[in-house]
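Subject: Handover of a structure and notes on it

Dear colleague,

Please find the structure below, followed by an account of what was found in it.

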Amino acid sequence: MTKMFQVATLQSLALGYTKSVITVEELLEHGDIGLGTFEGVDGEMIILDGRCYQALADGSVFEAAPDKGVPFCVATHLQDKTVFDIGRTESIDELKALLDLTIDRRFELNSMHVVRIDGFFEKVQARSESGRQSRHVELKSLLENNQQDFSFDSISGTLVCVYFPDYMDGINAPGWHLHFVSDSRDRGGHVFDVCFDSAKAAITKITTIEIRLPGEPEFDTYALKGASNDDIKKVEQGK
């Protein structure tokens, strides 16, 4: 049985809980593929092939230090996977619709999923951000000040795609969340549009989740149900 390991909740990140909960070294004990961010929202996280990468505000990527702090992320193992081909895809909306159809045909819309997509991409539009030490500053405000958008053209790489069903809204973002890292492992970020001619995909269904909540009292001062779903959706879409 494949398990999703998650650190904190999207609600807590959205409301500004950006302190370290675990380290990268500990996180990698729980999965070889995933995504998230780093302490202080210091860039976008891509976990691939058991390594953790940090995409900086200029789109450059470095392997994250083992002691780097993690306030929010998900990780799992790409196992018992189903492999399939994806044809011409013009946009992220088209890709998400195809992935929705893939799990709908398998009668798995109420389960979690992780998908790895490898290919040559005509365009990847993405974003990342620089870190900021703060408390109780909402993610929306942090990104307004620190987010940078960029575009990669004619690049080989991998999309890491994570799906959470609608009823888990707040624990994580419902639907598909995508991060990208190049084959050279030097470019990447949070994806909000993509275009490619063809790609290879592998999908794993996940039916178990473990959530590691912060242990310090400050976490319990956050009214997590007060997180704005509209703000979370705008952040997820890169706007």
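The sulfur of Cys 161 lies 15 Å from the closest cysteine sulfur, that of Cys 195, which is too far for a bond. A disulfide is counted where two cysteine sulfur atoms are within 2.5 Å, and a search of the whole structure finds zero of them. Cys 161 is buried, because its relative accessibility is 0%; buried means under 20% relative accessible area, exposed over 50% and partly exposed in between, with a 1.4 Å probe and protein chains only. Cys 195 also counts as buried, at 11%.

Please note that this is a predicted model, in which local features need pLDDT of at least 70 and side-chain atom pairs count only at pLDDT 80 or more, whereas totals for chains, interfaces and linings use all residues. Residues are numbered from 1 along each chain as its sequence is written, and side-chain values use heavy atoms, without hydrogens or water.

Helix α3 comprises residues 92–105. Helices (H or I, at least four residues) and strands (E, at least two) are DSSP runs, numbered from the N terminus. The buried residues of α3 are Ile 92, Leu 95, Lys 96, Leu 99, Thr 102 and Ile 103. They are on the same side of α3, because they cover an arc of only 115° around the axis, taken from the directions from the helix axis to the C-beta atoms. On the other side of α3, Asp 93 and Arg 105 are exposed.

Leu 95 also belongs to the largest nonpolar core, which has 26 residues; Leu 95, Ile 117, Val 124, Leu 159 and Val 194 have the most contacts inside it. Such a core is a set of buried Ala, Val, Leu, Ile, Met, Phe, Trp, Tyr and Cys residues joined through side-chain atoms within 4.5 Å. Among the elements that give two or more residues to this core are α3, β10 (112–129) and β11 (147–164). Another core, of 19 residues, lies apart from it and includes Met 4, Leu 35, Ala 55 and Met 112.

Finally, Glu 129 is found in strand β10 and counts as buried, at 1% relative accessibility. The side chains of Glu 129 and Arg 127 are joined by a polar contact of 3.4 Å; a polar contact is a pair of N or O atoms within 3.5 Å, of which, within protein, one must be able to donate a hydrogen and the other to accept it, and residues adjacent in sequence count only if both atoms are side-chain atoms.

Yours sincerely

Definitions and conventions: The expected span of a helix is 1.5 Å times one less than its number of residues.
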